[in-house]
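Opened the notebook for a quick look at this one.

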Amino acid sequence: MTTVSIIGNGNMGTAIGGIVAAGGSTVEYVGRDAAEPITGDIVVLAVPYPAVGEIIEARRDQLAGKVVVDITNPLNFETFDSLVVPADGSAAAVIAAALPESRVLKAFNTNFAATLAAKTVGGAQPTTVLVAGDDELAKRALLDVVRAGGVNAVDAGALSRARELESVGFLQLTLAVQEKVAWNAGVALVA
């Protein structure tokens with residue numbers, strides 16, 4: 001089984017950890033600073049985007065060679081009216097550039113914690129985690145962990161697709177903050 005290290009133990013980190021554990025993999029919660037070692041093959045950055053730079057600086061050496069999963073939506077948290085990355089880029093691309101020795105994936109940013117915990121969207125449709133990345137083995141490892149935990153997972157393509165995933169995440173968050181959708185709502189893939 002795989003060990004997944006999760007940096008962040010808020011709603012998203014806890015929900016992702018629940019999926020990992022349900023699939024029989026080991027979950028390790030670690031802090032943002034480098035005090036606790038990272039032992040997981042997969043490391044989930046379950047923190048707001050503004051915290052990512054500091055984590056990378058503190059843990060760059062520990063993240064080398066790891067699969068690093070970016071779950072962030074790089075919102076302007078002051079206004080909630082835009083993303084803080086270039087229109088032709090993504091938070092995942094910024095993270096990948098800062099961690100050239102890691103295999104960076106984008107995942108979980110189009111899901112709310114409630115949909116991950118319940119494994120349904122809107123109480124009716126199965127939750128699906130979309131995973132984007134350039135390393136096929138890294139994607140396969142994360143897809144397998146998510147599916148083993150009882151949640152649908154779909155390969156969304158190259159890491160360049162993170163831009164679109166972040167736009168979807170941004171739309172969902174702004175709708176939820178405006179109370180136009182509930183926090184158990186979201187995007188569902190229906191076959």
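My entries follow, topic by topic.

**Ground rules.** I am working on a predicted model, where local features need pLDDT of at least 70, side-chain atom pairs count only at pLDDT 80 or more, and totals for chains, interfaces and linings use all residues. Residues are numbered from 1 along each chain as its sequence is written, and side-chain values use heavy atoms, with hydrogens and water left out.

I looked up UniProt: an unreviewed entry puts "domain: Pyrroline-5-carboxylate reductase catalytic N-terminal" on residues 33–74. Its positions are in the numbering used here, feature names are shortened, and annotations may be inferred rather than shown by experiment. For residues 33–74 I get 36% helix and 19% strand, with the end C-alpha atoms 21 Å apart. Helices (H or I, at least four residues) and strands (E, at least two) are DSSP runs, numbered from the N terminus.

**Helix α3.** Which residues of α3 (residues 91–98) are buried? I found Ala 91, Ala 92 and Ile 95; buried is under 20% relative accessible area, exposed over 50%, partly exposed in between (1.4 Å probe, protein chains only). Down the axis of α3, these buried residues fall within an arc of 95 degrees, so they line one face of the helix. The arc is taken from the directions from the helix axis to the C-beta atoms. Their cover includes β3 (42–45), α2 (49–63), β4 (67–70), β5 (103–107) and α6 (162–177).

I used a 1 Å grid over the protein atoms alone: a cavity is a set of points where a 1.4 Å probe fits but cannot get out, a pocket is an open set with protein on both sides within 12 Å along at least five of seven lines, and lining residues have an atom within 4 Å of a point. Grid points are joined across faces, edges and corners, and a volume is the space filled by probe spheres set on the points.

My search of the whole structure gave one cavity of 30 Å³ or more. Thr 110, Thr 128, Leu 130, Val 187, Ala 188 and Leu 189 line the largest cavity.

The largest pocket has a volume of about 580 Å³. I count 32 residues in its lining, with Met 12, Val 47, Pro 48, Ile 71 and Leu 173 nearest the centre. Two or more lining residues come from each of α1 (11–22), α4 (113–118) and α6, and α6 has the largest share, four residues.

**Chain start.** Met 1 sits in the segment before β1 (3–7) and is exposed, at 79% relative accessible area. Leaving aside neighbours within four places in sequence, Met 1 contacts (heavy atoms within 4.5 Å) Gly 23, Gly 24 and Ser 25.
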